[in-house]
Amino acid sequence: MEKISKKSAPRASVKLGELNYTPVLIALAVVLLTFVLLFLWKRKKTVRSAVLFTGLCDSGKTFLFSNLILGDGRETFTSIKENVGSFKTDKGRELKVVDVPGHERLRGKFFDQYKSSAKAIVYVIDSVTVQKDVRDVADFLYTILADKATSNLPVVVLCNKQDETLAKSESAIRSMLEKEFNIVRQTRKNQLQSVDNSSSSVAFLGKSDRVDFEFGQVSQSVNFVACSAQKKEFDELTTFLETL
């Protein structure tokens, strides 16, 4: 039988200079652009740019927000959703201001929603009814100060309605809340002892539960300021916002 010999076809040699790198470069550019966009998106989500107006219902918080942002105090009702506006500083910077609803069933939800974007906290108190509502006032303020997401933010406690005869002074309100914090702190400690608090986002406030609480013991700056939204007397608030 005859053997059929097959000649193998010569292999074509390709020089590096003749390769088309365009698709590879395009793919690398797309990957790099994707990473850059993801980085910017995450950064935008975590940038702290908001000032949160917090407090209980009827503290005058939304009325103050209206005066500050819109320039006039409008008649307000119990908020069921947040109000968002911009405050322009004398230097031309714009601060996002969020008025968090004060209703007990809503304030925790909206505070959790905005706390990671907050750069400062304004806590508004009704100076007339504070003694009657001191437990609720202290409990919500404790929640804000003890939350790890806001534990390093500056806080201004606005003692509103100072134009009214029965209003407590800011120093009296500060002392009242310091005493109430001892009770709130002990109550929360007892609650945590019965559960696993290893993943809790709430920190202990103060030096020790054996030492009476004072606001000077917390990690953030907490300043008590007199205010009257009705009389448009909130210069110390605007001064604080200018510093942010």
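**View 1. Strand β1 and its two parallel partners in the predicted model.** In this predicted model, valine 51 stands opposite valine 97 in β3, and β1 and β3 pair in the parallel sense over 4 bridges. Strand β1 also runs parallel to β4, to which it is joined by 6 bridges, and here leucine 52 stands opposite isoleucine 121 in β4. Of the 6 residues of β1, 6 are buried, and the strand is mostly covered. In a regular strand the side chains alternate between the two faces of the sheet. In β1, Ala50, Leu52 and Thr54 point one way while Val51, Phe53 and Gly55 point the other way, and all of them are buried.

View 2. Six strands form an open sheet in the order β2-β3-β1-β4-β5-β6, and their pairing is mixed. The edge strands are β2, residues 83-88, and β6, each of which pairs on one side only. From one strand to the next, the twist averages 25 degrees.

View 3. Helix α2, made of residues 61-70, lies across β1, β2, β3, β4 and β5, and it runs at about 40 degrees to β2. Because 8 of its 10 residues are buried, α2 is largely enclosed by the rest of the structure. The buried residues of the helix are Lys61, Thr62, Phe63, Leu64, Phe65, Ser66, Asn67 and Leu68, and what covers them includes β1, β2, β3, β4, β5 and also α6, which spans residues 235-242. After α2 comes glycine 71, whose phi is positive, near 85 degrees.

**View 4. The nonpolar cores.** The largest nonpolar core has 38 residues, and those with the most contacts inside it are Leu52, Tyr123, Leu177, Phe181 and Phe215. At least two residues of this core are supplied by each of β1, α3, β4, α4, β5, α5 and β6, and the largest share, 9 residues, comes from α4. A second, separate core of 22 residues includes Val51, Phe65, Leu68 and Val122.

View 5. Why does phenylalanine 181 count as buried? Buried residues have under 20% relative accessible area, and phenylalanine 181 therefore counts as buried at 0% relative accessibility. Not counting residues up to four places away in sequence, phenylalanine 181 touches Ala138, Leu141, Tyr142, Leu145, Leu205, Phe213 and Phe215.

**View 6. Aromatic rings around phenylalanine 181.** A search of the whole structure finds 8 aromatic pairs. In one of them, the rings of phenylalanine 181 and phenylalanine 213 have their centres 4.8 Å apart and their planes at 35 degrees, so the pair is tilted. This pair links distant parts of the chain, since phenylalanine 181 is in helix α5 and phenylalanine 213 in the loop between α5 and β6, 32 residues apart. The rings of phenylalanine 181 and phenylalanine 215 are likewise a tilted pair, because their centres are 5.2 Å apart and their planes are at 55 degrees. Phenylalanine 215 also lies in the loop between α5 and β6, so its pairing with phenylalanine 181 in helix α5 ties together parts that are 34 residues apart in sequence. Phenylalanine 215 is buried, with a relative accessible area of 2%. One aromatic cluster is formed by Tyr142, Phe181, Phe213, Phe215 and Phe224.

**View 7. A charge over an aromatic ring.** Here the charged end of arginine 107 sits over the ring of phenylalanine 140, 5.4 Å from the centre of that ring.

**View 8. Asparagine 152 in its loop.** Asparagine 152 is found in the loop between α4 and β5, and it is exposed, with a relative accessible area of 64%. Leaving aside neighbours within four places in sequence, which residues are in contact with asparagine 152? They are Ser219 and Gln220. Although asparagine 152 and glutamine 220 are 68 residues apart along the chain, their C-alpha atoms are separated by 4.9 Å.

Note on methods
Residues numbered from 1 in each chain as written. Predicted model: local features only at pLDDT ≥ 70, side-chain atom pairs only at ≥ 80, totals over all residues. Heavy atoms only, no water. Core = buried A, V, L, I, M, F, W, Y, C linked by side-chain atoms within 4.5 Å. Buried < 20%, exposed > 50% of the residue type's maximum accessible area, 1.4 Å probe, protein only. Contact = heavy atoms within 4.5 Å. Pairing = 2+ DSSP bridges. Axes fitted to C-alpha atoms, helices over the stretch in contact; angles between N-to-C directions. Phe/Tyr/Trp six-rings, centres within 6.5 Å; stacked < 30°, edge-to-face > 60°. Lys NZ or Arg CZ within 6 Å of the ring centre and 35° of its normal.
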